[in-house]
Amino acid sequence: MKPSLAKGTRDFTALEVSRRRFIINILQKNFELFGFQPLETPSFENLSTLTGKYGEEGDRLIFKILNSSINEAKEEKKNQMLNDFQKALDKPFSSDNLTDKALRYDLTVPFARFVAMNHGQLTFPYKRYQIQPVWRADRPQKGRFREFYQCDADVVGSESLFQEIDLVQLYLKSFSDLKVPVTIHLNNRKILSGLAEYAGITDKLIDFTVALDKLDKIGKEGVVKELLERGISQDSIDKLDFLFTQSNDALENLLQLKEKFVGNEIGLKGVEELEFVLTQSLNLGVDMNNLVFDITLARGLDYYTGAIFEVKADEVQMGSIGGGGRYDNLTEVFGVKNIPGIGISFGLDRIYLVMEELGLFPEEATSKIEYLFANFGGEETVEALKLILKLREKGISAELYPENAKLGKQFTYAEKKGIKNLVFLGEEELKNQTVTFKNLEAGEQKTVSLEEFLK
């Protein structure tokens, strides 16, 4: 059988793993600097935990897991289940006797499930970060995979808008540390609800936000076409036409909304909240060029109730490399009320692609072996191993070439692996208590005493 990868998945080489760890270490350091604690949840959840939380399109992208009983059943039951499976292919795949579990679609819903199950033992506000893979049955393309990592930071148990401001700071510091220039796009779900009320399409709010969220992919004409297909009248669309001609001045756009939202309570509440976040962020020294009020930003997840964020790299054509928002009612679906929450996510895989394209990975992001000891065989090999142990005790990476091969072959091995130094501990060195080593990057070779080498 010819080996192949499942579509939308990848292998990671040593270089790629080292660079991914570089990103993760910076994010983890900042998560903890901002007071977040680590959490991990299972790779799969009960299907009922996940469905109905991501909207119509999100639910279609959930990877469902076939019940193991289909393999364990008796032959006649197995045949019946296979027949049921065949029938299920012609309709939405939700038959309870075929699947009741699914791979995690994101980290937020499993986190809400965890909070609902453990709220009696948690100290609120509870701040957690989580760095784990998620799976989506999406169409693979550049920057979009079926298996990918999310790096989330969430706060639950507080309605304070200062949480939004703190998360803006977390985004800006983390991307500054990664040296990735970004712009944070902000909106508020209450503003979107206010727009639906203003256009007389409150009953079509989900259809409206799902279509609007595709603006950067399909353009104004595509959004208008989809709104019409979803049963929204041309008159309502005309009332919303101003959405596509916003100025670059966030506060000016908010002022325009205030005029349109007279008597529109939920819309005005959204404007007030967003205005507070923007104003206080500016008071803390945030450059206005790093923050954009994007009135068409919808983020098509049904559970958002307030602020929504999306982060885009300034110098690379790529989808969002981060996003999130406030979700004040998510734990209610698990029977636990009054636990408001807000969270953001960093898209590790897209951040990697951006940094790679811009050449931002530093030398230390590449894991390299410091010393390779040439293998001369006999007593020299034993002494080399003793010296390698001493280096490792100092936290210095070193290895011995496994065979007593020609030196040319050992040189080639070191160069191909990017090893920095090739060490010679031959008969002459043992006799004189010295070590000879060649820096393969600089091409310099020198002999020093054993004591000096270990220093």
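1. A word on pockets before anything else: on a 1 Å grid over the protein atoms alone, a pocket is an open set of points with protein on both sides within 12 Å along at least five of seven lines, and lining residues have an atom within 4 Å of a point. Grid points are joined across faces, edges and corners, and a volume is the space filled by probe spheres set on the points. The model is predicted: local features need pLDDT of at least 70 and side-chain atom pairs pLDDT 80 or more, while totals for chains, interfaces and linings use all residues. Numbering runs from 1 along each chain as its sequence is written, and side-chain values use heavy atoms, with hydrogens and water left out.

2. The second largest pocket holds about 300 Å³ of space. Its lining has 18 residues, and those closest to the centre are His185, Leu215, Asp294, Thr296 and Lys312. Two or more lining residues come from each of helix 10 (215-229), strand 8 and strand 9 (307-313); helices (H or I, at least four residues) and strands (E, at least two) are DSSP runs, numbered from the N terminus. By class, the lining splits into seven nonpolar, six polar and five charged residues. Here Ala, Val, Leu, Ile, Met, Phe, Trp, Tyr, Cys and Pro count as nonpolar, Asp, Glu, Lys and Arg as charged, and the others, Gly among them, as polar.

3. A cavity is a set of points where a 1.4 Å probe fits but cannot get out, and the structure has one of 30 Å³ or more. The largest cavity comes to about 40 Å³. Around it sit Phe208, Leu212, Val223, Leu227, Ile237, Leu240, Leu243 and Phe244, with helix 9 (205-212) and helix 10 each giving two or more residues. The lining is eight nonpolar, no polar and no charged.

4. Which residues of helix 12 (residues 250-260) are buried? They are Ala250, Asn253, Leu254 and Leu257, where buried means under 20% relative accessible area, exposed over 50%, and partly exposed in between (1.4 Å probe, protein chains only). These residues are on the same side of helix 12 because they cover an arc of only 100 degrees around the axis, taken from the directions from the helix axis to the C-beta atoms. As background, an α-helix has 3.6 residues a turn, so residues three or four places apart point the same way. The cover over the buried residues of helix 12 includes helix 8 (189-198), helix 13 (265-283) and strand 8 (291-293).

5. Have a look at glutamate 380, in helix 15 (residues 378-393). Glutamate 380 is buried, at a relative accessible area of 16%. Setting aside neighbours within four places in sequence, glutamate 380 is in contact (heavy atoms within 4.5 Å) with Leu425, Gly426, Glu427 and Leu430. Glycine 426 is 46 residues away along the chain, yet the two C-alpha atoms are 5.8 Å apart.

6. Some backbone details to check. Phenylalanine 124 and proline 125 are joined by a cis peptide bond, omega about -5 degrees, and proline 125 is in the loop between helix 6 (108-118) and strand 5 (126-135). Asparagine 338, not a glycine, has a positive phi near 60 degrees; asparagine 338 is in the loop between strand 10 (322-326) and strand 11 (341-347) and is exposed at 70% relative accessibility. Glutamine 433 also has a positive phi, about 55 degrees, in the loop between helix 17 (427-432) and strand 15 (434-439).
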